[in-house]
Amino acid sequence: MDAARRADDEQAARWKGRAGHAWDDLKGVLDEMFRPFEELLVEAVAAERAKHVLDVGCGTGGIALAVARRLGPEGRCVGIDISEPMISTARECADQEDVPASFVCADAQDHAFEPGSFDAVISRFGVMFFNDPVRAFANLRRAVRDEGALRFVVWRDPAENPFMTTAQRAAAPLLPDMPVRRPDEPGQFAFADPDKVRRILAESGWAGIDIRPVDVVCTLPEKELVRYLTRLGPVGMYLPEVDAQTRERVVETVRAAFAPFVHGPEVRFTAACWTVGARASTAKFS
C-alpha cells in the first residue's frame, strides 16, 4: 500500500507541477493537434444520446467544453483531472465561453462520484496514468448507470508512433541519465496492449468491450515544434535539469531528428491509437 501511495503521489506531483504547466501553456497547440479525436468523442456521445457525461483526464477542458456545447442546456458534462493548473484553465474557459461544463480537480481513481450519475464516460489520452487501473475503472463503473457507455482513446505501440518517440531517441546519447519509459508502468503507452486493456475492463465491471485501431493524421505549426519538443514528454521534463550548453545541443539534435515530419510550415504525423468502447455491466459488481 505504501508503494501504491507513493506512486499516486508521484503522479499527482508531476501533473500539478512541470507536466501540468507545460500542457496548460501549450493548450492551443495541443487542442488543434488532437482536434480529430475531439470530433470522434463528441460524435460518440451524440450517438449514445447521452445527457450526463464524464470526461476523465480532461486536462484544460477542450473536449468537455466541446461535449457541453453539443449537449446544450439540457445536458451536463463534468471534467475531472488531477492537475490544478489545467483544471483552473478549464474553468476559466468555461466561464469565458459561458458553456455549461463543470470541472473537478481530483483523482478519478478514487474520487467519490455519485453512483450511477452519468450516462457515459469518455477520455482522450487520460486513462493510461492510473497506478491501479482496475480500481480506477471500477470506480468509473460505479459512477455510470447500468448499460452506460465508456469510450476512450489511447496510444498503440511506441513502434507505431515514431513521432512520439523521436525526441527521446535523439536526445538519449546526450542525456544518459534521462529516465526511460517502461511499458509496464503508468504512462503514454501503458495501454498499448489491447489484451491488457480487455482484462482491466473485464475485471472492473465493464462488458461488451470493443477495441479498434484508428490512425489519425495530426498537425501543428512548424513554428511551435521547438516549444513542443522542449516542454513535453521525457525530454521536456528532463531539460530543465541540464546546463545551458547541454540544452542547446539537445534542442539542435532533436529538432533535426524531426525533419521527416516537417512539411513546409506544417508538422504532420500519424497518431496510431486504439479507440475503446464498453458498457457498464449489469452483473452484480462492488
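Modeller: Buried means under 20% relative accessible area, exposed means over 50%, and partly exposed is what falls in between (1.4 Å probe, protein chains only). This is a predicted model, where local features need pLDDT of at least 70 and side-chain atom pairs pLDDT 80 or more, while totals for chains, interfaces and linings use all residues. Numbering starts from 1 along each chain as its sequence is written, and side-chain values use heavy atoms, with hydrogens and water left out.

Biologist: Stepping back, how does the radius of gyration of the protein sit against the globule rule?

Modeller: The protein has 12 helices and 8 strands. The rule is 2.2 Å times the number of residues to the power 0.38, with the radius taken over C-alpha atoms. For 286 residues the rule gives 19 Å, so the protein is as compact as a globular protein of that length, with a radius of gyration of 19 Å.

Biologist: What share of the 286 residues is buried?

Modeller: For scale, the C-alpha trace spans about 60 × 40 × 30 Å along its principal axes. Of the 286 residues, the buried ones make up 53%.

Biologist: Among the contacts with a separation of 6 or more, what part comes from residues 24 or more positions apart?

Modeller: You can see such a pairing in alanine 167 and leucine 229, which are 62 residues apart in sequence but 6.8 Å apart in space, C-alpha to C-alpha. Over the protein, residues 24 or more positions apart account for a share of those contacts that comes to 82%.

Biologist: Back to alanine 167, then. What does it touch, not counting residues up to four places away in sequence?

Modeller: Alanine 167 lies in helix α8 (residues 162–171). Its relative accessible area is 14%, so it's buried. Beyond its sequence neighbours, alanine 167 touches Val235, Val254 and Phe258.

Biologist: How many of the 10 residues of α8 are buried?

Modeller: The buried residues are Phe163, Met164, Thr165, Thr166, Ala167, Gln168, Ala170 and Ala171. That leaves α8 mostly covered, and the number of buried residues is 8.

Biologist: Which elements are included in what covers those buried residues of α8?

Modeller: Both strands and helices take part in the cover. The strands are β5, β6 and β8, and the helices are α10 (225–231), α11 (233–238) and α12 (244–257).

Biologist: How far is the C-alpha atom of proline 179 from that of proline 234?

Modeller: Proline 179 is in the loop between α8 and α9 (194–203), and with a relative accessible area of 54% it's exposed. Still, proline 179 touches Gln168, Pro234 and Tyr238, not counting residues up to four places away in sequence. Proline 179 and proline 234 are 55 residues apart along the chain, and their C-alpha atoms are separated by 7.1 Å.

Biologist: Now the backbone: what is the phi of arginine 49?

Modeller: Arginine 49 lies in the loop between α4 and β1, and with a relative accessible area of 76% it's exposed. It isn't a glycine, yet its phi is positive, at about 55 degrees.

Biologist: And where does the phi of glutamate 147 come out?

Modeller: Glutamate 147 is in strand β5 and is partly exposed, with a relative accessible area of 41%. Here too the residue is other than glycine and phi is positive, near 70 degrees.

Biologist: Last one: how far apart in space are glycine 264 and aspartate 210?

Modeller: Glycine 264 is in the loop between β7 (262–263) and β8, and at 54% relative accessibility it counts as exposed. Glycine 264 and aspartate 210 are 54 residues apart in sequence, and C-alpha to C-alpha their distance is 38 Å.

How values were computed. Helix = DSSP H or I, 4+ residues; strand = E, 2+ residues; numbered from the N terminus. Contact = heavy atoms within 4.5 Å.
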